[in-house]
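Biologist: I'm new to this one, so please pick the inside of the model and take me through it slowly.

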Amino acid sequence: MPTDNPFQPNLRPLYFPRDLLRLLYWVYFRPYTLERYLRRLDPDLSLKSGLLTLWRRGKAQPLLRHVVALSLFHILVTPWLAFVTILGWRMVGVAVNWEDMTLGILMSMVFGGILGAVGSVGGGIVGGMVLSIVWGVMLGVVKIVPAVIVGVTLSMVVGIGLGAVGSMFEDTVLGAIGVPLMLFLAVLGGVFGKRAFWALVWGLAGGNGAVIGNVRLYEWPALALWSTGLTLLDWDGRRLHLAPPFWHEVIVLPLPGLRRHLRAAARRDRQAALQALAYLAAYRFGWARRLAREALTDLLLEDMARAGNTEALARLPDHLDWLPAQDAEEQQRLFAGLGRVVGLVQAARESDTAFNRAQRYAEAYQAVRRWREALAWRADKLAPCLLPILDNWAAILQEAAEQARRAEFLPNPYQPASPLRAASRVFKGRRSLFETLERALGDFGERQTALLLYGARRMGKTSTLYQFPARLGPQVVPLLVDLQGVGTVESTARLLEGVITDAVREAAESRGLSLPAPDAAAMQQDPFAAFQDWLDQAEQQAEEGITFLLALDEYEALERAIAEGRVDERVLELLRHMLQHRRRWLILLSGVFTLEDLPVRWSRNLINLQTLRVGPLTRAEAEELIYLRDLEDFRVRYAPEAVEVLYGETGGHPNWLQGALRTLVERLNRERRLEVSPEDARWAVAQVPARLMGDFDILWRRVAVVPPGAEEDEETLAAYQRVLAAVAREPGITAEALERLLPGQRRLIRRTLAFFTRRALMREEEGKYRFTIPLLARWLRAKADEEGV
């Protein structure tokens, strides 16, 4: 498989006899490449697979037979190269014992063959070749070399060979091979050396050789010299791919100069340097992974220092996924503000109005100031490097916000179709809801109660949750967790790990509180116990008197995961246990559905539940949103009839009212005027369904009363659409009239009427139903006529 990445080995197929040398190279320098090659041919194979296994699997994958042929050649033929060495000795007059040498080679070939057949490909080749050549040479010249030297040398070489094989598998050779080898060779020394002293020497030589071979100490000086010299000569990093780790996969000890070489390469070609770092981050030995993390941190700091404008800031990474999770907790805390700042700058640059750009830049400026204040108290060695960078960013963002404020005739702060962030200037109303929530928090010590925030889609539930950090006291740590992503979660462990990850981020951003990261290994072993342990750690991190508010947004998405068997139903028991036994944790659920709409397992576990409805804005709250009297430079003047049109047609629906107001201000900016007439208001309201099509379409295309995880068929959808069309066409229709219109659909009719009424989209008066929002009723009539419903 050809590759354009110079730091990744080429996995082109091995063929006999063409690739005899390449197999030798892979076995010694790239054993893990050989393993990847074997697994590409057969996922069940590894370095420890024997030649017999490869031969049997070769029936299905013929390329494996070539690997077997190449390996047998090196086990049975290559060892006879010992004769070449012996001939050289013989030419200079050294006496040779040809019979003993042949016997030694044959014995080692048998050993290598057995090891390769039942043990491993690499072990057979290395064991057979090394032992055959060394043993054959030693026995061939034994007549002129003292037996003691032969024994010691043989013991050392055997140990090094076995140690080198062990290093391929990351075995602890000192314990697994070295000590038994010393004992075994000590016995041989006692038998053949006739003296205890030489027995000890033989044993020590073998054991030390095993240790030296395991850490490959015999080759490290040459590799270190090569790495240092290459760093000095290759000053611009063009030949980084020639550095030892990129052609040698079993370097156990760290090499000097490599970090400097990586920085030089990154200055010339950032993409190539990142490819090299990705390779090192997956290296088998920890020193290389640590080096990759440190070098990536160096690159990030350089990029941050060079970011001299908002365009460069927006290009910075907004996450630290490249940091190895097991080593990166400190760096995650150090760069905790990066994602927030980069995300806000990106949002500012993508904003279609100068007002929104100014708002996002101002928020990014405040995030930088908070980040800097947190760093000023840290003792981390990198903090002094970050402080001047953040000071420069603050100046850039402050200037960008000022420029944006001066750019537009009228500010347009309205943001339909997206939740309003904390302390948003256009978040209005909900005072009674926050008063109820504050009372619940005040009574929390006496009675453990969960809260349910429910309402129609786009009614402002998530926006309300985003206001918690600003509206609730500092003794409350709001932890907002969006469960909308549960659709991609495949296990309970991943779900709870995601909950913890979101909670850690929210605590840091909203209250500057550092909570422990999730323990991924513990989660895989026992997710429920690991989650309970994390709750204990979080409570220990927080000061006494702090209450955690765990807000699970889009909570009903969890029901689909449970119904599909991807998540264990016991997560609901976990929530119940938290309510009953965790005195510092309050649970809030937020979604479209109430527990009455979900299977009984929900109400069985969440017994004490207080429901809070998020409905349309009142007339006074809607006027606050329309006039925005607290917003400087917002000079729009409304005719009284225009305000009546805006509120009356949208029914105070916050998202649809914002959609109309945003469209209206865009028109005023185009025409450079400040007055709004009733005709302007009617025109703006008429644009809302096209602007916010998703809001309307989902009410029509999906049976709103069917919760996630439940089945929905075409017949049910058709009946549901006929109910909506009938209520829209005939305001004041009764449930009985609908049942006559749709015989056999009594349950669906009653559920639909109750669902829309509880969410303030319909109103019931003396058994007669009508939509509360004229804009919605008008759109439904038009849609039903269009589709012939």
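**A look inside**

Modeller: Let's start with Thr297, which is buried, as its relative accessible area is 4% (buried means under 20%, using a 1.4 Å probe and protein chains only). Keep in mind that this is a predicted model, where local features need pLDDT of at least 70 and side-chain atom pairs 80 or more, while totals for chains, interfaces and linings use all residues. Residues are numbered from 1 along each chain as its sequence is written, and side-chain values use heavy atoms, with hydrogens and water left out.

Thr297 sits in helix H14, residues 286–306 (a helix is a DSSP run of H or I, at least four residues; a strand is a run of E, at least two; both are numbered from the N terminus). A polar atom of the Thr297 side chain lies 2.9 Å from the backbone oxygen of Arg293.

Searching the whole structure turns up four cavities of 30 Å³ or more (on a 1 Å grid, points where a 1.4 Å probe fits but cannot get out; lining residues have an atom within 4 Å of a point). Volume here is the space filled by probe spheres set on the points.

The largest cavity comes to about 120 Å³. Its lining includes Leu483, Phe531 and Met578, and H27 supplies the largest share, four residues. Helix H23 (492–511) and strand S3 (547–553) are also among the elements giving two or more residues. The lining is twelve nonpolar residues, with no polar and no charged ones (Ala, Val, Leu, Ile, Met, Phe, Trp, Tyr, Cys and Pro count as nonpolar; Asp, Glu, Lys and Arg as charged; the others as polar).

The second largest cavity is about 60 Å³. Among its lining residues are Arg457, Arg458, His653 and Asp695, and that lining splits into four nonpolar, one polar and three charged.

Definitions and conventions: On a 1 Å grid over the protein atoms alone, a cavity is a set of points where a 1.4 Å probe fits but cannot get out, and a pocket is an open set with protein on both sides within 12 Å along at least five of seven lines; lining residues have an atom within 4 Å of a point. Buried means under 20% relative accessible area, exposed over 50%, partly exposed in between (1.4 Å probe, protein chains only). A polar contact is a pair of N or O atoms within 3.5 Å; within protein, one must be able to donate a hydrogen and the other to accept it, and residues adjacent in sequence count only if both atoms are side-chain atoms.
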